[in-house]
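Trainee: Could you take me through one part of this model closely, the place where two chains meet? I'd like the helix packing there in detail.

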Amino acid sequence: MFQRRRSLTSWLWVGPALLILAGYLVYPVIVTVYESLMNSSLSRFVGLDNYIWAFTTESPLLALRNNLFWIIVGTTATVGFGLVFAVLADRVRFESAAKAAIFMPMAISFVGAGVIWKFMYDWQPPGIPQIGLLNAMLSTIGGWAAANHVVLLWIGAIAGVVALVTFLIALVRVRTFLLSALAIIIFPLAILGVGWLASAVQAVSEITPSDLALLVVVIQLVLALAAVVSFIYAMMHDTWGQISIVGAVIAALCLGLLYLASFQPVTWLQNETTNNWALVAVYVWIWTGFCLVVLSAALKGVDAEILEASRVDGANEFQVFAQVLVPMISTTILVVATTMIINILKVFDVVYVMTSGNFNTDVIANALYFQAFHFEDFGRGAALAVILLAAVVPVMLFNIRRFREEEGMR
Amino acid sequence: MSDSTTHPQMKVRPEARPAQPAAREEEHPRLDAARLVHVLLQAPLNIIVVAVSLLWLLPTAGLLVSSFRPAQAISQSGWWTALVPPYHFVLDNYIQVLTANGMGQGFINSLIITIPGTILPILIGSFAAYGFAWMNFPGRDWIFIVVVGLLVVPIQMTLIPILQLYNTLHLTGTFPGVWLAHTAYGLPLAVYLLRNFFQSLPKDLFESARLDGATERQIFFRIVIPLSVPALASLTIFQFLWVWNDLLVALIYLGGDPRVAPMTVTVSNLVNSYGSNYQVLTAAAFISMLLPLVVFFSLQQYFARGLLAGSIKG
Amino acid sequence: MFIQKRTGLIIAGLLLVALVAVACAPAAAPTLAPTAAATTAATTAATTAPTTAATTAATTAATTAATTAPTTSATSASAGAPTTAATTANLSGQHVSVLGVWGSSELTAFQKVYGVWEKQTGGVVDWQGTRDLTAVLTTRVQGGNPPDIAILPNPALMQQLASQGHLIALDSFMNMNQVKTDYAPAWINLGSYQNKLYAIFYRAANKETVWYNPQAFTAGGYTVPKTWTEWMALANKMVADGKTPFSIAAENGAASGWPLTDWMSEIVLNNCGPTVYDQWVTHTIPWTDACIKQSFQLFGTILGTKGYVLGGGQGVDATNFVNGTYPMYTNPPTAYMDYLGSFAQGFITAQYPKLQAVTGYNFFPFPTINSQYAGSVTIGADVLVMMHDTPAVRSFMTYLAGAPAQETWAKLGGFIAVNRSVPLSAYPDPISKAVAQDLYTAKVSRFGAGDVMPAAMQQAWWKQMLLFAQNPSQVDATLNSLENSAKSIYK
């Protein structure tokens, strides 16, 4: 350990920032905590009533659940896309232009972004030309598929048969492959099992179906993904397996197109199975640029020689990424992920502008805004704000542990 | 996991490194056939990057095309239909925005708000980040974690208490009031990101500088700041565009008074109370996006690899 | 190399200091807090007792009508300047800040209106616009920095602000005789809190209007319905002809759902009459009341009958209310009737500038449901309130309340005056004239129910109506849920 400077000087360095933060953020937080214990017009002390309201009323609970969904999907997507794209863009000649494309949505004011996504998600009754790109595209593809459904059916069927036959040949030829073939049988069973277990749990507990459904979908997705990855990995090692994969992909494509043949325009922001995803997509579109720029700056600090060395050692590109690159910028990834979790925790404008919390899309910051500034219930608004503050504590504790580790190592 | 992999800072070398993969190839010349194979292998990568970029640009492209369409057409047909003849593009939306009452004043006000609103938090934030990263004082980690935790405070919750404060201090409706507010709202992120970056600088640099008798101020301005240009640049971009695009803070602390209101306020006055002429926002979005993009591109050069190593040398 | 860096930093620092210095100078001037002392205001207009004629008018109108037809004496009396204070005082350089939601052509029109006052008095109006008025106003009021004048979207907010003591009573300085000549008693009642006038209603909307395309009606052999029964028969005929009768669109961002509550308000007023309506709005009868339920069922029939509504329930929720005014005028029309307030005229003319009023597009009054309450009209209006008391604000407020100021805007279009001294000749086209005429002569008129309910109730109702649009058969569940909300909101 080298000698640290006297603490008086250090206060001079951090002092101005702390002073401003104390005035502009800490003081309002204290006021908020105080207000959260008061009634709607802040005239009477009500104890924990506002918190009891928040945790026993349907609408704030729904907002909490949606926030959880946002954090899981939003953080994974923004940080994941940002990281992968930072690495990919690092290797092409037009890096600057590619990064600008991803960054561009950040530079658009949210008012502009709202208009943009109006053009994406717009819905018109079936039979009237669609103005929204998403519905127009899917309708057009669906119309084409409907017109060619016989051809699609034949191609799909042939591809499916080829896939099945080559799959069976590969099964016989490659022994190690047996294991993953087994996996392909076990995983669907596991998925079914999870669904069955969930309905059983639901029958005896008071968990609302939608909470459980979310969990089940997440688990099932993970399982399905694992099955597909292990399957493809094994198949890649055999020519017949490779043919089988191509066949399966073609068959799936035909099936998908046939499914679209009966496509009806979707009200993306009102339909309760799509709207939360549609909102998160807008957020991801905007904020991936942030993650990309910060992570990209961190990547520039990684010495190219180390990467080259591990390549020479025979690591493939994926291994270099996962085993060398990611650990080297892990602190920055943590910082970006923390920032994103917190930002998403207080997500407001996307929801407020596009659905304002209707159709089960409410989030805490939106609920807070309505309570405090539309209904003038400052007590409830403040309580929701305090819940937001409390929700970051685990994230912060994780960060603190991380600092301690860093400290210990340097 | 070994120490060397978790500590990128240990690997910073004092020699300038060639930046691009392409440049690396030239160090190890290959046969033409091998080069061809390499290019072919690169092709999927290029295609993926281009495809993702285009996908990301698609919604914005829709906005761009729409901004040149007549207002009536926007709500009648998809924007892509404008891309096939007969073309019918007009400048109405742009003319309406550019000739709007107070747009020039709004632009100047936006600059007056944004420039200090960007420099101040980064300056103050980098001082604090340096203190948190390389100095020792009691309660440092806890104070830092509280600073980061303040990121979660929704701006809306601070408006009323701060406005009350501003009224007694006569800061309402003044630029310094808005600068300070933006500084405060930008500080937690600035401190967090910069501390992380400063922390990753090699310890040896500080030790040798201190042994040479450098003061903290000298270390900060001569070593830390030059080495952190990529981090400072990215932070500058974000802070700039957040302040530039801000409507809420300006509306509350400045009150929307035309003499001090930024462009965002002027733009919001272009839409009527029913929002039925929202089409004008298509053009407004592009006009207000120009400056942040200029800032982004002009700071791009600081993201290049090798800059870090190069500045240590010398 | 270090020297270079340092010079750069010094230059940057100097720039910063310079910017601070430059920016502080102009910024110091436009501080928003009013400076002039309110007490020194020379108020000439005293509050005199209302004449007997006015009182009788008030009592008869209070029960049956909100707005009675302007009498000849009223029109002639208002021809002059509203009060002497407005024209004589020299307010040179005094600022009045006005917070409101208007933008675009509305703002241009309002600028013309206040330009006249600025010329007359030398005062200056600072327009402060925001689409999210409630939130901005709440913040600024709580933060102790309210604007001088606010233009509120509904009377509920005005009542709340008045009860909290944030508003200045207008009868302390306005000539109440003039006010009573200009405004029907119902408007004065609505703008009063504890017998003091706090608000002037400004830009009205007549919400009895069902918009249709007369040419399409002629082509289809359809006639304008007079009663609900005729209306439903017409709708059935259209469906039988393979056409979609209704365009209903409720999407409007944070305020989504209000077109549906407007529908319900109009149905309840026409079905149950003003007494039940008032009880319902103040929650003295529950949402589950028989007549309210019956009204919901009526609307449920429209929403739920297959083929009635363009796009069905999801179309209602997913279509922006402005876009909902267009389908009648496409070729061929994709829907035939759209119920929306009189402001819809602006959307139609903006999208189809070549359409002729009356022949190309027109409206028919909401069909009669119960003949006893025929001709009942729901209305909406912006609400002017005053939050600082200075001579300039008094003068501007008095000016805005007067007929000349409202006539200026009425002539520019897109404005229905609440001030009944504004002559009908001021309206630029036959449709707005008819809309204004209907508003002044309506037998019964009431403010749209959502706008007079507490904000939380209004929001809950909007949300519930969006769900109702998709499940129009769930009348009981909808009403029970609304009743539960009401129980916790009205305390």
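Mentor: Between chain A and chain B, the count of salt bridges is zero, a salt bridge being a side-chain nitrogen of Lys or Arg within 4 Å of a carboxyl oxygen of Asp or Glu. Bear in mind that this is a predicted model, where local features need pLDDT of at least 70 and side-chain atom pairs count only at pLDDT 80 or more, while totals for chains, interfaces and linings use all residues. Residues are numbered from 1 along each chain as its sequence is written, chains are lettered from A and ligands numbered from 1 in the order written, and side-chain values use heavy atoms, leaving out hydrogens and water.

The A–B interface draws 108 residues from chain A and 113 residues from chain B into contact (heavy atoms within 4.5 Å). Together these chains bury about 10,300 Å², 74% of it on carbon and sulfur atoms; buried area is the accessible area (1.4 Å probe) lost on putting two parts together, summed over both.

Now for the helices, which are DSSP runs of H or I with at least four residues, numbered from the N terminus. The axes of α11 (residues 275–299) of chain A and α12 (residues 229–245) of chain B come within 8 Å and cross at roughly 160 degrees, with axes fitted to C-alpha atoms over the stretch in contact and angles running from 0 to 180 degrees between N-to-C directions. That makes α11(A) roughly antiparallel to α12(B) (an angle over 145 degrees). On the α11(A) side, the contact includes A:Trp287, A:Phe290 and A:Val293, and on the α12(B) side B:Phe238 and B:Trp242 are among the residues.

Conventions. Helix = DSSP H or I, 4+ residues; strand = E, 2+ residues; numbered from the N terminus. Parallel < 35°, antiparallel > 145°, perpendicular 65-115°, else oblique.
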